[in-house]
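The sequence and structure are shown first.

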Amino acid sequence: MKRFAALIIAVILALPVGILVSSADGKVQDFDDYVGTIYCHWDTIILDDEVVGGDGTAVSYFLANAGSIEAKCGSLTVRGWALCDEAIEAFGYQIGDNDPVFSPDFFIEPEDAIYDVAAEKDLGFAGRFMITAPVGDLKGTNRIQFCIKNADGIYLMFTDASVSIDIDFTQEGTEAEPTPTPDNHGEHEIEPKMVRSNDIFIVDDFFSYASLNNHVNDIDFDEEKLCAVISISGGPDPNMIFPFGSISADESLNASTGLYDDYISTDDYKAMVIIGRFDYDTVFVDDEKDVGGTFYYTTDINTGYSEMRNKKYYYDRSDDLQYVLIDFSKDSKYWQGYVDDCRFDCFMDTDNDCVYELYFVGFFENAAKASEFIESYKAEGDKIIPTPVPTATPAPTEEAAETPEPEDNKPDDAIDATEKPAENDKKETNGCGSFTAVSPAVFVPAFGALVMLKKKNS
């Protein structure tokens, strides 16, 4: 402890009083870039002088709010402690891409219990942090990251609970300065990428890479309702893979179904809609319990499932269509690169065996465009979804013209745009039939059941 206290005194004497901005070459590095050991524990979030969510609950509050806080305040403070195998020189914060800011006031001498933890982990240095970032003059949403500095460099802090210590802070009542439209958007509108599960071959291709699922016993196709029918056994986190990345990489699927013609860019697509249906009262024994689900997303940059990339939602209390819109616009830290395979949890939990009907999955330029689609679909159903245009066939040569193709040899992808599905009862004729859209998540446990696809005649 004496060595540590002496170090802190030396650091404080070496630093001018007040706030210090790091030098231009003080690059902030990711936590994983540190070759030694940094161990951080995050206790509390404070807005002005008010603790948010309770003292000692920073991580649970952070996860419950997807790393975002919207408030009207002048300062945001994080409190906790850190251990390191190198001397801790300072703690600081970084707002957006600005230079990190350090102050001796952010460092607090830790109590003996923290040194005891350091000794258990064979780490020689410890410190408590209480880092305050001024946010009163910020406009709109800004990412505030918190960092630790030692002789090796400056590193973002990551907790023992596998959570980064950073917050997407929105100053309530303000809007960010408008930013130029990205060059890749140009003047044209970004066309949605949509999968309508109204064909057994589309359903088969969509789930072709989804072989490991949890509590999913079977995936059928209902030729009357024109949807995928997912049979679920009771238990926690029933889920399946939505293989966006795998489908995008498979040129044979792109050519045969038109599901995607390229990878799904997070720059172009900031919102998602999932439409489905289930009988609400069949999920839980207690009919007063709210039914919800989750959607875990991954990208080529942010791989692996994480609670930081988990979008939670609750369904309407209805057996009819439910449309759940997932907005990724505030997930800029994680919604980067190209969309990879994701995990769709139909439900957070189930008491009983039940069935989930999947009708539609689509990506949209933003939440406003997704909302427009939902309202149009409620009013008009499937006819608002563009009919795929068959690939143009070259004009036949004279030799080919002498032997015309038989009429019954029509290409599989030549879809008659005027053809309509047979109507069911009134409740099921508005588009896909009665259904409930969702924005859930997907886990891939080794004990998941293999998907078996077949046509269902009822």
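Five strands form an open sheet with antiparallel pairing, in the order β4-β3-β6-β10-β9; strands are DSSP E runs of at least two residues, numbered from the N terminus, and two strands pair if DSSP finds at least two bridges between them. Because β4 (50-52) and β9 (107-108) stand at the edges with a single partner strand each, one side of each has no neighbour in the sheet. Helix α3 (residues 112-120) packs on this sheet, touching β6 and β10 (125-134), where contact means heavy atoms within 4.5 Å. The direction of α3 makes about 45 degrees with that of β6; axes are lines fitted to C-alpha atoms, for helices over the stretch in contact, and angles run from 0 to 180 degrees between N-to-C directions.

The model is predicted: local features need pLDDT of at least 70 and side-chain atom pairs pLDDT 80 or more, while totals for chains, interfaces and linings use all residues. Residues are numbered from 1 along each chain as its sequence is written, and side-chain values use heavy atoms, without hydrogens and water.

| Strand | Partner strand | Bridges |
|---|---|---|
| β3 (residues 38-47) | β6 (residues 75-84) | nine |
| β18 (residues 239-242) | β23 (residues 342-345) | four |

Tyr39 has Leu83 in β6 as its bridge partner, and Asn239 has Asp345 in β23. Strand β18 is covered on both faces, with Asn239 and Ile241 buried on one side and Met240 and Phe242 on the other (buried: under 20% relative accessible area, 1.4 Å probe, protein chains only).

Note on methods. Buried < 20%, exposed > 50% of the residue type's maximum accessible area, 1.4 Å probe, protein only.
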